[in-house]
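Visitor: I am new to reading structures like this one, and I would like to be walked through it feature by feature. Could you give me the general idea each time, and then the case in hand?

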Amino acid sequence: MQGEGKRTFCGIVHWISFFSARVVVMCSKIEAKKTSFGNNFWVDLALKCPIFTDGSKCSSCTSFACVFINSTLSFQLHPSCSIFTAEITAILQALSQIFSGPPDDYIIYSDSLSALESMTSLNRFSHPFTFKILELHDRLTTKGFTIPFCWIPSHVGISGNELADNLARSATNSLNSPAPMNEVKKYVKSILHSKW
């Protein structure tokens, strides 16, 4: 971690962490209806194109959704996938969707702090999609995109996050995406265990 600071925005403390060339912005709380910002950093964030991502898991399915300004997407994953895989897949798909467009300033909002933190502490046990996210993020940055990630709390009335949550829970289309091997093993073990 290169630097760390605390800022206040409308009386709410925000934690900012800078990790190499990537910025992971973790906000303690966001008030969606507030429009005045304390300094230029927060004004810059407000001018970015927002993308909200979310994952969902129930007993029979795992799914995710991405909410863009003018469109949405949601898919089911293999039921063996964890909620973490759903959250990280949503971020990966958001980056993939904007890759073919012209460079712009985006901000990806996620209510999964663990998914965002996974991008800052890589090791050989890190989720394989985390590496894909970082690679794609670097490619987008090279093309001229600016894409910080921002943590937001869930279920506090942030409309983009609520829409992503609802879309993830009601996803019907399947995404042909590989499931991590360790999650497939757990899934098979649980099925075998339930049949005994």
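Guide: Let us begin with helices and strands, which are DSSP runs numbered from the N terminus, a helix being H or I over at least four residues and a strand being E over at least two. Arg-169, for instance, is found in helix α5. This is a predicted model, in which local features need pLDDT of at least 70 and side-chain atom pairs count only at pLDDT 80 or more, while totals for chains, interfaces and linings use all residues. Residues are numbered from 1 along each chain as its sequence is written, and side-chain values use heavy atoms, with hydrogens and water left out.

Visitor: How many helices and strands does the protein chain have, and in what order do they run?

Guide: The secondary structure comes to six helices and eight strands. Read from the N terminus on, the order is β-β-β-α-β-β-β-α-β-α-α-β-α-α.

Visitor: Where is the confidence of the model lowest, and where is it highest?

Guide: The score to read is pLDDT, the predictor's confidence in each residue, from 0 to 100. The protein chain averages 75, and 65% of the residues score at least 70. Confidence is lowest in strand β1 (residues 3-9), with a mean of 35, and highest in helix α2 (residues 83-99), with 95. Over residues 1-21 the pLDDT stays under 50, and for this stretch the model has 54 contacts beyond four places in sequence, a contact meaning heavy atoms within 4.5 Å. Residues 28-43 also have a pLDDT below 50, and the model gives them 33 contacts beyond near neighbours in sequence.

Visitor: What share of the protein chain is buried?

Guide: A residue is called buried at under 20% relative accessible area, exposed at over 50% and partly exposed in between, using a 1.4 Å probe and protein chains only. Of the 196 residues in the protein chain, 43% are buried. As for contacts between residues at least 6 apart in sequence, 66% of them join residues at least 24 apart.

Visitor: Which residues have the most contacts inside the largest nonpolar core?

Guide: A nonpolar core is a set of buried Ala, Val, Leu, Ile, Met, Phe, Trp, Tyr and Cys residues joined through side-chain atoms within 4.5 Å. The largest one has 30 residues, and those with the most contacts inside it are Ile-91, Leu-95, Ile-98, Ile-108, Ile-133, Ile-147 and Phe-149. Among the elements that give two or more residues to this core are β4 (49-57), β7 (106-110) and α4 (128-142), while the largest share, eight residues, comes from α2. A second, separate core of 11 residues includes Phe-52, Ile-107, Ile-158 and Leu-167.

Visitor: Which residues are in contact with Val-67, once its neighbours within four places in sequence are left aside?

Guide: Val-67 is found in strand β5 and counts as buried, at 6% relative accessibility. Its contacts are Pro-50, Ile-51, Phe-52, Thr-72, Gly-160, Leu-163, Ala-164 and Leu-167, leaving aside neighbours within four places in sequence. Val-67 and Phe-52 are 15 residues apart along the chain, yet their C-alpha atoms are separated by 5.0 Å.

Visitor: How many salt bridges does a search of the whole structure find?

Guide: Side chains of opposite charge can pair when their charged atoms come close. The term salt bridge is used for a side-chain nitrogen of Lys or Arg within 4 Å of a carboxyl oxygen of Asp or Glu. The search finds one, in which the side chains of Arg-169 and Asp-165 meet at 2.1 Å, N to O. Because these two residues, Arg-169 and Asp-165, are four residues apart in helix α5 (residues 159-169), they are separated by about one helical turn. Arg-169 is partly exposed, with a relative accessible area of 49%, whereas Asp-165 counts as buried at 7%. Arg-169 also touches Ser-56, Ser-63 and His-155, not counting residues up to four places away in sequence.

Visitor: How many disulfides are found?

Guide: A disulfide is a pair of cysteine sulfur atoms within 2.5 Å, and a search of the whole structure finds zero. Cys-58 is in no disulfide, and the nearest cysteine sulfur, that of Cys-61, is 3.4 Å away. Cys-58 counts as partly exposed, at 38% relative accessibility, whereas Cys-66 is buried at 0%.
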